[in-house]
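Keep the viewer open and try each task before you read on.

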Amino acid sequence: MSDRSDAEAQQLRARVAALEAELACVRAAASGIEWTAEAVLVHDLAGRILVANERAAELLGCSVEALLRRDMFDLEETLRDADREATREAWLLTSPDLPIIARGRFLRSDGAAVPVELTVIARDVAGVRQIHLVARDITDRLRVERALRDSEQRFRFLFEASPVSMLRARPHGELLQVNRALGAWLGLAPEAAPGVPARMLVTPDDRPEFDALFAALSGADDRPRGAQLRLLAAGARPVWSQLTLFAEADNAGGLRQIIGVLEDIDARKQAEAQVQALLTSLEGQVEARTAELQRTNQLLRVEIGERERTESLLVRAHARAEAASQAKSRFLMVISHELRTPLNAILGYTEMHLAGLKGDEPLAPPEELASDLASIRISGHHLLSLIDDILHMTQLESGDRQQAPAAVELLPLLHRLVDAARARLSGPDLEVVLLVDGDLGTIETDVVKLEHVLRHLLGNAVKFTPRGRVELRAARIREPAGEHLRLDVCDTGIGIPPEQRSLLFTPFVQLDDSPTRRYGGLGLGLALCRRYCDELGGSIAVKSAPGQGSWFTVRIPIAGAL
């Protein structure tokens, strides 16, 4: 947190408090001292309390009558040992009608001290100087401020003690701080870092990319930004680093500071260069061998990319863990489970075939290799589907509700979706059919969102129906209120208990969230379906019974029919 931002925020809070207190005094004077909900006291230059309201008496643990028998030198802790004559002189010299913000401690009748924020306004009433006080109990505020200071101290400790190289920078790029790990890596003394442009840490060739990375950050978008850049290490050649930047927003939604995490990937980059050189040298060999090496290289690139994306998600989750709600915590546990299965498949198959290519293990036959590559592709598509759902929900919760209406011919779209659902069937005991009532024609709608809804519904129907039949029914319905497209997805699957139907469309909620659950998923699909149906001006409803299957009905208005 920058010192300048803190000072500006404190000045703004003080000004707002002064204006609120002045307003309380004006209202109290105009409508009676009992009108305001704030604690209000009026005393003369001798400290005698002339007026007090019930809120002030409640704050000090006594009656108004008892309070009027006390004076400020007895009431306010810091005034007890003060020079009374000097204090009266200061009150007299205070500019009238100018609010002054201060903090003090009121002594209750039971001896307890209450921390308060005071707005002091000197007033001349009929030529007699009076001091008007508006007091607020700030016990809770001080507790919050202490908690914030403790949190910042913990962050500073973790920042300094972390073995991971980290930096903090201003929004315009000047360094605020580097931790000991980064300073030791680059040969940069941490005390010399403040004020140095962060772009000077990378090579001149990589600075345009570094500048673009900084420019893409904003307080309204908390997604991390990352790039692989070469760092200038003292007395050595440039080293490759994976730089990930995180934007920290201030209370107004602006950019307060930037946190950077740097990972040494120089060895990995050298390994990639060696692999590329090996591929180039073997281009003249047998075509099958060349193709096999190219596939291996592609798998390595996919593995590296997936690992970098996973690391970015884990770093982001760690940075925001303290602010995460209980629902988001459950979500992190679910996504960890969902990502682990396909990643284990991808890594297991890759390591097995890499061992064969290096000669550590016998090479797999082409048929087995093709089957394993298909498994890797399926796992990759599953990971892509999980990430796609997360991105869609993030866009919706951030307020991104852009529409992209386009003319779409319905029948080919429905055939394509049904064919995709059939491709997911695991056996002959289940069939997927399309039933069309009449001519569907062409409509104008956001086809991406409509396709997303139907794909999720068909996918769920196939997943939760071990045997039997899944149907997609479509018809144009004409009613007095207007024409709409009705789409029904019916199945003969396991069904949904009545007490759980109210949770179907809630984000991050699964009907079975136990560690031994049979069916995977993040609990986002049906929530996205409802959001998209709402944006298309339509609706989604469900009927179901345990053991009898489910029936989801989607209605989309056809105001723009072609």
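**Exercise 1.** How many cavities of 30 Å³ or more does a search of the whole structure find?

*Solution.* Start with the ground rules: this is a predicted model, where local features need pLDDT of at least 70 and side-chain atom pairs count only at pLDDT 80 or more, while totals for chains, interfaces and linings use all residues. Residues are numbered from 1 along each chain as its sequence is written, and side-chain values use heavy atoms, with hydrogens and water left out.

Next, the term: on a 1 Å grid over the protein atoms alone, a cavity is a set of points where a 1.4 Å probe fits but cannot get out, and lining residues have an atom within 4 Å of a point. The search finds two such cavities.

**Exercise 2.** Which residues line the second largest cavity, and what classes do they belong to?

*Solution.* First, the volume is about 40 Å³, taken as the space filled by probe spheres set on the points. Then list the lining: L167, A198, L201, V202, F210, L231, L243 and L262. Finally, sort by class, with Ala, Val, Leu, Ile, Met, Phe, Trp, Tyr, Cys and Pro counted as nonpolar. The tally is eight nonpolar, no polar and no charged residues.

**Exercise 3.** Check what span helix α10 should have, and what its end C-alpha atoms give.

*Solution.* Helices are DSSP runs (H or I, at least four residues), numbered from the N terminus. Helix α10 covers residues 287–319, which is 33 residues. The expected span is 1.5 Å times one less than the number of residues, so α10 should span 48 Å. Its end C-alpha atoms are 48 Å apart, in agreement.

**Exercise 4.** Where is A216, and how far is its C-alpha atom from that of A247?

*Solution.* Find the loop between α8 (207–215) and β8 (225–231); A216 sits there. With a relative accessible area of 34%, A216 is partly exposed. A247 is 31 residues away along the chain, and the two C-alpha atoms are separated by 9.8 Å.

Note on methods. 1 Å grid on protein atoms, 1.4 Å probe; cavity = no way out; pocket = protein on both sides within 12 Å on 5 of 7 lines; lining within 4 Å. Helix = DSSP H or I, 4+ residues; strand = E, 2+ residues; numbered from the N terminus. Buried < 20%, exposed > 50% of the residue type's maximum accessible area, 1.4 Å probe, protein only.
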